[in-house]
Amino acid sequence: MNIIHQAGIKKKSFELNYNGGQIWCEHLDGMGAYEDDVIAKFLGDVKAFSKPSVSSFMIINLDETDITEKIAETIVTAITETDKIFRKIAFVGVDKCWQKSFVKINRKGIAVKFLSDYEKAKEWLF
């Protein structure tokens, strides 16, 4: 396990106060090709971000993480099958070839946008 991967696992997801609102920041970035760790970290956060008191605006940061079909399917399934109503989800660091996999979230009426910049993602949400 390399140092960058360890830092990616230790990076906590959290709710951020921003521009008069709140954003759930799901940090799955910097985890390289460690598919099982990415999925475990995400599934560990589902309970936290699915609470009614948590923001319906979310950033999912996948920058410097190798997205796989299993990772994409896990994220889409968790978001579309939860009772939580999300209004907007910004994805950061998702290559064009993977965007189609995440766009399925739109079926639940959630606005989805793909950006390469974390700050621009926050701005788009608010």
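The expected span of a helix is 1.5 Å times one less than its number of residues. In the predicted model described here, helix α3 has 13 residues and should therefore span 18 Å, and the distance of 18 Å between its end C-alpha atoms agrees with that expectation. The buried residues of α3 are Ile71, Ala72, Thr74, Ile75, Val76, Ala78 and Ile79. The cover over these buried positions includes α2, β3, β4 and α4.

The largest nonpolar core comprises 29 residues, and those with the most contacts inside it are Ile60, Leu62, Ile75, Ile79, Ile89, Phe91 and Phe102. Two or more residues of this core come from each of α2 (35-49), β3 (57-61), α3 (69-81), β4 (88-92), α4 (96-102) and β5 (111-115). Helix α3 gives the most, with six residues. Apart from this core lies another one of 10 residues, including Tyr18, Val92, Leu115 and Leu125.

Strand β3 is mostly covered, with five of its five residues buried. In a regular strand the side chains alternate between the two faces of the sheet. Ile60 touches Glu26, Leu28, Ile75, Ile79, Ile89, Ala90, Phe91 and Val92, when residues up to four places away in sequence are not counted.

The pairing of the strands was examined next. Strands β1 (residues 14-18) and β2 (residues 21-27) run antiparallel and are joined by five bridges. Tyr18 stands opposite Gly21 of β2. The hairpin formed by β1 and β2 has two residues between the strands, and Asn19 takes a positive phi near 50 degrees there. Tyr18 is also a member of the core of 10 residues.

On the parallel side of the arrangement, β2 pairs with β3 over four bridges. Glu26 has Ile60 as its bridge partner in β3, and Glu26 is also one of the residues that Ile60 touches. Strands β3 and β4 pair in the parallel sense as well, over five bridges. Here Ile59 stands opposite Ala90 in β4.

In one of them, the side chains of Lys11 and Asp29 meet at 2.9 Å, N to O. This pair links distant parts of the chain, with Lys11 in the loop between α1 (3-10) and β1 and Asp29 in the loop between β2 and α2, 18 residues apart. Lys11 is partly exposed, with a relative accessible area of 36%, whereas Asp29 counts as buried at 12% relative accessibility.

A further salt bridge joins the side chains of Asp36 and Lys70 at 3.8 Å, N to O. This pair also links distant parts of the chain, since Asp36 lies in helix α2 and Lys70 in helix α3, 34 residues apart. Asp36 counts as exposed at 52% relative accessibility, and Lys70 counts as partly exposed at 44%.

The remaining salt bridge is formed by Lys122 and Glu119, with the closest N and O atoms 3.0 Å apart. An α-helix has 3.6 residues a turn, so residues three or four places apart point the same way. Lys122 and Glu119 are three residues apart in helix α5 (residues 118-125), and they are therefore separated by about one helical turn. Lys122 is buried, with a relative accessible area of 10%, while Glu119 is partly exposed, with a relative accessible area of 41%.

Conventions: Residues are numbered from 1 along each chain as its sequence is written. This is a predicted model: local features need pLDDT of at least 70, side-chain atom pairs count only at pLDDT 80 or more; totals for chains, interfaces and linings use all residues. Side-chain values use heavy atoms; hydrogens and water are left out. A nonpolar core is a set of buried Ala, Val, Leu, Ile, Met, Phe, Trp, Tyr and Cys residues joined through side-chain atoms within 4.5 Å. Buried means under 20% relative accessible area, exposed over 50%, partly exposed in between (1.4 Å probe, protein chains only). Contact means heavy atoms within 4.5 Å. Two strands pair if DSSP finds at least two bridges between them. A salt bridge is a side-chain nitrogen of Lys or Arg within 4 Å of a carboxyl oxygen of Asp or Glu.
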